[in-house]
Amino acid sequence: MSDATRRTWLGRSYVGRHWHGELSLPVSYFVNGVLLAFACNLLVRAVPEDVGDLYEPWRGFLTLLAFWLAICGISLWQLVGTWRSAGRHVGRGGRRFWAVLARIMMVVGAIQVALTLTRHAGPQLEMAARIAMGDPEIPPYTLRIAGDGTEVVMSGGIRFGAADDLAALLDRVPTVRTVQLDSTGGRLAAGLRLQTLIRERGLDTYVGRRCLSACTTVFLGGQRRYLAPQGRLGFHGGILPGLDQASMTAFDRKVAEAAIAAGVSPDFAQRAFFLPNAEMWFPTMAELRAAGVVTDIAGDQFAVVDLPPEITLEEIVTEMQAYPIFAALAQAEPQTFAWLAAAYRDSLVAGRSESEILATLRTALSDTIRRLRPRADDATILAMGELHLERLEALGAADAEACRRYAAAMELTPEVAPILDRQSIERGNRIETDIILTGMSSRERAAEPERLDALYERLFDAIEARHDEAEILQKAADAWDGRPGMAADEVCRLSAILLRQALTLPPQDAAPLLLDLLALKD
């Protein structure tokens, strides 16, 4: 189209006639001004909400830019055309009052357009541009495989592009069943996309430490949603620069509806996702489970990811030696400690579960303690005997079967440990540390067989004297040896009888007897 043709078309078209002020003032003002301004106002409220769903950052930015350029062009066309029409109104026989009033309203309209661009267009375009150029305000995210290929760990910010990267990773590693999250939040639209992906893939979600803000929308995508006892979920409403309260409420409603569809109670969703963005609500575990947010309390089945994969062996050594028992091990058996530190780091890097890592540490420590126990001093051996007795009594009162399992080896297992209180666990760690420290500087004190026979005779005589039960000695021996067929409560009670009576002997006699009794468990 030539310039002359274009000018002719503009001059004759409705658009061109308004631009040149050739339309009547009522048409220019009410039809092209008021009605079109009303329609544009609806678009200003609605379109940014839809643009928030555009997952491609550059597409979102360009869409917003085109939208606001169109609003600017339409507004300029309205104002100029109406201004010019008002200038011709008197010449067409109209009253001067209406012409002046129309121009005053155009000035007011120009101010409103400027305010709209300042309050809405500027912030929205600035946000979209930042997102398109890498979103530097949101921390970068990392995705890595853990748990022997059954978990993917996502840490860092919830950013655009995360869902595509996660989908590609899941395609490469189809054995993944759980997405482990550790994030302080990010973009809501990106969180909703991740939520949809996780739900469509039928995956579970797990939080071991924290999952805040937009991360909670990702968490709700899991079929089963696990939270560690120490983990925290933080909720609040979203914030999108340039959106008015009505538009932001509509977006929060979309997030809440997605949560309700995932099985969350409506009352919880109302409180969690409409809270002002400046606040943060951390519900209790009971509240989360009652509302359907958390389906399961996590145990130790998930990979430990608190330490970065690039952690060095030297950092692991420093970390482990902060615990007295490992510091003692490093002093007593440097080669064992070095092997254990290397195995610990390899397990962390490989994404082994907490239970697998603890089992490795426990096995190495137990072997060392069994080797050094015969060399430990009497006070430490007596303290160990008293601890075993207290644990048998506590477990016997709480869970007879757990007591039987403990009595079988006199060692703490993952099944038994949760039943005991923290003081018992900490005391056990101190005693084992003392076994290592006192045992490394002494020689093994093997008691003579004749002396042990005499000690057992004294022990058995004391038991028979204190208990009227028939065949008490044979029953106690069977219980200590773990003979099959005995009831769990009997095993627990009779094992406690042996320990209790042994501890009544003088320390120099009780210590070798306890060592021999415990050696039968090895």
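Analyst: A disulfide is taken here as a pair of cysteine sulfur atoms within 2.5 Å. This is a predicted model, in which local features need pLDDT of at least 70 and side-chain atom pairs count only at pLDDT 80 or more, while totals for chains, interfaces and linings use all residues. Residues are numbered from 1 along each chain as its sequence is written, and side-chain values use heavy atoms, with hydrogens and water left out.

User: What is the handedness of the disulfide of cysteine 403 and cysteine 492?

Analyst: The sulfur atoms of cysteine 403 and cysteine 492 are 1.8 Å apart. The torsion about their S-S bond is about 70°, so this disulfide is right-handed.

User: How many residues apart in sequence are the parts that cysteine 403 and cysteine 492 tie together?

Analyst: Helices are DSSP runs of H or I with at least four residues, strands are E runs of at least two, and both are numbered from the N terminus. Cysteine 403 belongs to helix α17 (residues 400-409) and cysteine 492 to helix α21 (residues 488-502), so the parts tied together are apart in sequence by 89 residues.

User: What is the handedness of the disulfide of cysteine 211 and cysteine 215?

Analyst: Cysteine 211 and cysteine 215 are bonded with their sulfur atoms 2.1 Å apart. Because the torsion about the S-S bond is about -110°, the disulfide of cysteine 211 and cysteine 215 is left-handed.

User: Is cysteine 492 buried or exposed?

Analyst: Buried means under 20% relative accessible area, exposed means over 50%, and partly exposed lies in between, with a 1.4 Å probe and protein chains only. Cysteine 492 has a relative accessible area of 5%, and therefore counts as buried.

User: How many aromatic pairs does the structure hold, and what is the geometry of phenylalanine 97 and tryptophan 98?

Analyst: Rings of Phe, Tyr and Trp (its six-membered ring) pair if their centres lie within 6.5 Å, and planes under 30 degrees apart count as stacked, over 60 as edge-to-face and the rest as tilted. The structure holds eight aromatic pairs. In one of them, phenylalanine 97 and tryptophan 98 have centres 5.0 Å apart and planes at 75°, a geometry that is edge-to-face.

User: Which residues do ring pairs link into a cluster?

Analyst: Phenylalanine 235 and phenylalanine 273 form an edge-to-face pair, 5.8 Å centre to centre with 85° between the planes. Phenylalanine 235 is in the loop between β6 (232-234) and α9 (245-261), and phenylalanine 273 is in helix α10 (residues 266-273), so the pair ties together parts 38 residues apart in sequence. The cluster linked by ring pairs consists of Phe235, Phe268, Phe273 and Trp281.
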